[in-house]
Amino acid sequence: MKICIVGASGKLGKYLVQHALERGYEVVGVCREKSVGKLEDFQDRITILPGPTNDRELIRKAVAGCDGVLTVLVPWGVQKYASGTAQAVLDYAQPEARLIFSCGWHITRDGKDVYSKLFLWLVAAAGWIARILRLVELKDQVEACRRIFASSTKWTVVRGSDLEEGESQGLPVWSRHVGDPILRSNRTRRVDFALFMVEALANDGLIHEAPAIVGCQTESALEYAAGQQAQVDS
Ligand SMILES: NC(=O)c1ccc[n+]([C@@H]2O[C@H](COP(=O)([O-])OP(=O)(O)OC[C@H]3O[C@@H](n4cnc5c(N)ncnc54)[C@H](OP(=O)(O)O)[C@@H]3O)[C@@H](O)[C@H]2O)c1
């Protein structure tokens, strides 16, 4: 299996590379030129194409012949970075390729997610500060996902909860809507976010889904599993 990782040099991207290589996949990584050094540990085992991830020609070359594309969607700057990146992947990936995108819980597919007041306040505050500083364009990540959801490609949008570093705890669990009890703990190890994305490449059950994920060892995930077991036992 040959895959492309768009945004390979970031914290999530490096975990994606690691999981993909462990599975024996052939990996093409795209990252900004100034970040190539961050992939030093992998440089002999992957092909690196340097450049901005919204460079359409670069993405066209990177995804050629790939069975899957893992894209770290980030709303940096005020240059439509996320939507430009997503559009290039949607336009140039092979029609049958599995396309997996990362984002956060703030993205909603059907408007049925239920957010806490604190969560909504934090997203609004972060968006406002970022806009003032012209650092991040949260609305563009929303636009990127709108285009993905409207696409007929074999996409999955993985919506990460708050992330933390640490050893893998195993494959995160997921639900269709933020607000579902299983997700209450709102925490996932970054290494396991990446694991979920790499596993999704071979899971056709996740095609056209936008799973919101949470760590499988978090309190809410364990409570949910115990509740399910109790139902089976009764
Ligand atoms: N952080 C969280 O708590 C959290 C929570 C939920 C979901 N997520 C999602 O998880 C994914 C990864 O996020 P992360 O926070 O863990 O960060 P990350 O993996 O470190 O990724 C950040 C990415 O943004 C790139 N980047 C940084 N500055 C940039 C700039 N000025 N212009 C263009 N690209 C730039 C980085 O590339 P370089 O290597 O070139 O710098 C890297 O590819 C995202 O899709 C995010 O929406 C994050």
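# A tour of the predicted model

Start with helices α2 and α3, which lie oblique to each other. On this scale, angles under 35 degrees are roughly parallel, over 145 roughly antiparallel, 65 to 115 roughly perpendicular, and the rest oblique. What you have open is a predicted model, in which local features need pLDDT of at least 70, side-chain atom pairs count only at pLDDT 80 or more, and totals for chains, interfaces and linings use all residues. To make selections, number residues from 1 along each chain as its sequence is written.

**The α2 and α3 crossing**

Select residues 56-63 for α2 and 81-92 for α3; their axes come within 9 Å and cross at roughly 45°. An axis is a line fitted to C-alpha atoms, for helices over the stretch in contact, and angles run from 0 to 180 degrees between N-to-C directions. Helices (H or I, at least four residues) and strands (E, at least two) are DSSP runs numbered from the N terminus.

Now show R56, I59, R60 and V63 on α2 with A88, V89 and Y92 on α3, the residues that make the contact. Contact requires C-beta atoms, placed from the backbone, to lie within 7 Å. This set has five nonpolar residues, two charged and no polar ones. Ala, Val, Leu, Ile, Met, Phe, Trp, Tyr, Cys and Pro count as nonpolar, Asp, Glu, Lys and Arg as charged, and the others, Gly among them, as polar.

**L90**

Stay on α3 and pick L90. L90 counts as buried because it has 21 C-beta neighbours inside 10 Å. The cut-offs for other C-beta atoms within 10 Å are 20 or more for buried and 12 or fewer for exposed, with partly exposed in between; C-beta atoms are placed from the backbone. Beyond four places in sequence, L90 touches R147, I148, S151 and T153. A C-alpha to C-alpha distance from L90 to S151 gives 7.6 Å, across 61 residues of sequence.

Go to K80, in the loop between β4 and α3. Its phi is near 55°, positive in a residue other than glycine. Most residues other than glycine have a negative phi. With 17 C-beta neighbours inside 10 Å, K80 is partly exposed.

N186, in the loop between β8 (173-175) and β9 (188-189), also has a positive phi, of about 50°, without being a glycine. N186 is partly exposed, having 16 other C-beta atoms within 10 Å.

**Helix α6**

Select residues 190-200, helix α6, where nine of the eleven residues are buried. Those are V191, D192, F193, A194, L195, F196, M197, V198 and A200.

**V72**

Move to strand β4, residues 68-72, and pick V72. V72 is buried because 24 C-beta neighbours lie inside 10 Å. Apart from neighbours within four places in sequence, its contacts are V6, G7, G10, L12, G13 and S102. S9 is 63 residues from V72 in sequence and 9.9 Å away, C-alpha to C-alpha.

**The ligand**

Finish at the ligand, surrounded by 23 residues, of which S9, G10, L12, S35 and G160 are the closest. Helix α1 (11-22) and strand β5 (98-104) are the elements that give two or more residues to this shell. A residue belongs here if its C-beta atom, placed from the backbone, lies within 6 Å. The shell has nine nonpolar, nine polar and five charged residues.

Technical notes: Two residues are in contact if their C-beta atoms, placed from the backbone, lie within 7 Å.
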